[in-house]
Amino acid sequence: MKTSILSLAIFLMVAKINAQTTIIPNSNDSRVITTGMPFVLIASDARAAALGDMGVATSVDAYSQQWNASKYVFSEVKSGIGVSYTPYLSKLVNDIFLGNVTYFNRLDERSAFAASLKYFSLGDIEFVTDEFSTALIQRPNELKIDASYALRLTDQFGMSVAMNYLRSDLRLDGVDGDATPANTFGVDISGYYQSEEEAYTDFNGRWRMGFAIQNLGPKFKYDQGGVENFQPTNLRLGAGFDFIFDEYNKVSVTAEVAKLLVPTPPILGTEYEYTDTNGNGKYDEGVDELGNQLSDTNGVIYKGKDDNVDFLSGVFQSFGDAPGGFSEELKEFTWALGAEYVYQDSFAFRAGYFNESEQKGARKFLALGAGFKYNVVNIDLSYLFSASKIQSPLENTLRFSLTFNLGPGTYNEY
């Protein structure tokens with residue numbers, strides 16, 4: 001991705017002007033919850049992406065670290081490595097991508113360990129001040145490193161804890177006075193239930209349920225004098241059922257809901273004073289230019305609650321602070337439905353749908369995917385079709401995932 005410093009300056013000036021001309025937002029306007037480092041919410045593996053960006057209650061795979069690490073204690077494979085690649089904004093550029101590497105090891109019958117690296121690259125940005133200057137090339141990026149430990153508490157239920165380190169290096173040398181990366185840490189807590197296989201009239205079946213609280217940690221700043229940003233603390237709840245028709249054919253259906261545990265921005269009243277162009281202390285007729293802002297962070301709260309709280313208070317506040325009341329709180333939940341057909345544990349076909357309220361981001365998409373297993377290697381693909389009026393940065397994007405299973409068939413769980 002290449003741009004000039006002049007284009008960046010124009011963009012920043014326009015953004016500043018637009019921000020200053022907003023006086024009091026309408027109570028019916030969209031209130032999208034924003035956080036720092038949102039890249040961690042992007043589905044990095046093709047299987048989860050094909051099922052509608054879900055994974056908290058699906059069956060275990062190498063990428064469970066990204067969704068629910070407690071699933072690893074139900075893995076039939078001793079250990080494995082997963083590598084995935086997701087192009088981002090592929091219609092516009094070819095060097096923005098999300099990459100992921102995950103390693104897991106089932107230590108014994110009741111415990112497992114996993115670690116992963118999630119890397120988001122914003123490509124090359126070229127800054128040129130004039131035709132005589134040497135171009136300054138920057139490569140802003142973000143990453144997350146995590147490690148988890150899972151313990152099987154009963155034959156059907158396990159839990160896990162993961163520690164995360166997050167780093168955001170988006171500030172640019174030569175443009176920002178303080179170009180040091182932002183750093184923070186967080187914790188994931190998750191649980192997974194998988195029932196025994198039960199016999200029904202025409203098929204056998206198995207229930208699956210899971211939950212996860214992800215990226216629970218302190219707020220952080222991108223610069224010394226900047227505002228504090230919330231991490232994308234997220235709650236996921238899911239349930240599914242496996243229709244096992246015979247030893248060759250299985251259909252799995254899964255549903256999931258998710259919610260950001262971050263305060264909803266309140267509706268603020270903001271005052272302005274008009275510019276006195278001739279210095280007579282009076283408002284100049286016919287001059288519509290807005291001048292100095294009198295009230296900023298201390299503006300009057302018309303609806304909602306103050307979102308300037310610590311991260312733990314924000315988690316509890318997020319369930320009841322929407323200015324629109326309970327109906328708006330419900331809109332902050334996203335939901336997804338997915339189905340997966342597996343033949344002889346060698347081929348899989350997947351489909352999923354993801355939905356988010358138009359007032360909270362308007363992400364709506366249908367996804368399709370397939371998986372192939374050859375010996376100890378799994379290959380997964382997915383493709384996204386946007387169903388929203390707002391174009392998705394992942395629209396018409398083909399994602400790839402590779403899994404290398406080490407020591408297959410060590411455990412018998414199915």
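What share of the contacts in the chain with a separation of 6 or more comes from residues 24 or more positions apart? Such residues account for 61% of these contacts. The model is a predicted one, and the values below are computed from it.

**Overall features**

The chain has 414 residues, of which 44% count as buried. Its secondary structure comes to 4 helices and 23 strands.

The average pLDDT of the chain is 83, and 79% of the residues score at least 70. Over residues 1–28 the pLDDT is below 50, and this stretch has 36 contacts in the model beyond near neighbours in sequence. The pLDDT is also below 50 over residues 288–295, a stretch with 24 contacts beyond near neighbours in sequence.

**Aromatic rings**

A search of the whole structure gives 19 aromatic pairs. In one of them, the ring centres of Phe39 and Phe120 are 6.2 Å apart and the planes are at 10°, so the pair is stacked. Phe39 is in the loop between helix H1 (5–20) and helix H2 (46–50), while Phe120 is in strand E3 (residues 111–121), so this pair ties together parts that are 81 residues apart in sequence. Phe39 and Phe120 are both buried.

Another pair is formed by Phe97 and Tyr119, with ring centres 6.1 Å apart and planes at 45°; the pair is therefore tilted. Phe97 belongs to strand E2 and Tyr119 to strand E3, so that distant parts of the chain, 22 residues apart, are linked. Phe97 is partly exposed, with a relative accessible area of 24%. Tyr119 is partly exposed as well, with a value of 28%.

Ring pairs also link Tyr200, Phe203, Trp207, Phe241, Phe243 and Phe245 into a cluster.

The charged end of Lys219 sits over the ring of Phe230, 4.5 Å from the ring centre. For Lys259, the charged end sits over the ring of Phe319, 5.4 Å from the ring centre.

**Selected residues**

| Residue | Class | Relative accessible area |
|---|---|---|
| Asn105 | buried | 16% |
| Asp53 | buried | 11% |
| Asp345 | exposed | 56% |
| Thr233 | buried | 4% |
| Ala255 | partly exposed | 32% |

Asn105 is placed in strand E2 (residues 97–106). Its side chain makes a polar contact of 3.0 Å with the side chain of Tyr103. Not counting residues up to four places away in sequence, Asn105 touches Lys78, Ser79, Ala112 and Phe113. Asn105 is classed as buried because its relative accessible area of 16% is under the cut-off of 20%.

Most residues other than glycine have a negative phi. Asp53 is not a glycine, yet its phi is positive, at about 60°. Asp53 is found in the loop between H2 and strand E1 (79–87). Asp345 likewise has a positive phi, of about 55°, although it is not a glycine. The loop that holds Asp345 runs between strand E19 (333–343) and strand E20 (347–355). Asp53 is buried, whereas Asp345 is exposed.

Which residues does Thr233 contact, leaving aside its neighbours within four places in sequence? They are Gln214, Asn215, Leu216, Gly217, Lys259, Leu260, Leu261, Val262 and Val315. Thr233 is in the loop between strand E12 (228–229) and strand E13 (234–244). It is buried, with a relative accessible area of 4%. Lys259, one of the contacts of Thr233, is also the lysine whose charged end sits over the ring of Phe319.

Ala255 lies in strand E14 (residues 249–260). Its C-alpha atom is separated by 9.5 Å from that of Leu51, a residue 204 positions away along the chain. Leaving aside neighbours within four places in sequence, Ala255 is in contact with Met54, Leu237, Gly238, Ala239, Ala336 and Leu337. Ala255 is partly exposed, with a relative accessible area of 32%.

How values were computed. Residues numbered from 1 in each chain as written. Predicted model: local features only at pLDDT ≥ 70, side-chain atom pairs only at ≥ 80, totals over all residues. Heavy atoms only, no water. Helix = DSSP H or I, 4+ residues; strand = E, 2+ residues; numbered from the N terminus. Buried < 20%, exposed > 50% of the residue type's maximum accessible area, 1.4 Å probe, protein only. Polar contact = N/O pair within 3.5 Å; in protein donor to acceptor, adjacent residues only side chain to side chain. Contact = heavy atoms within 4.5 Å. Phe/Tyr/Trp six-rings, centres within 6.5 Å; stacked < 30°, edge-to-face > 60°. Lys NZ or Arg CZ within 6 Å of the ring centre and 35° of its normal. pLDDT = per-residue confidence, 0-100.
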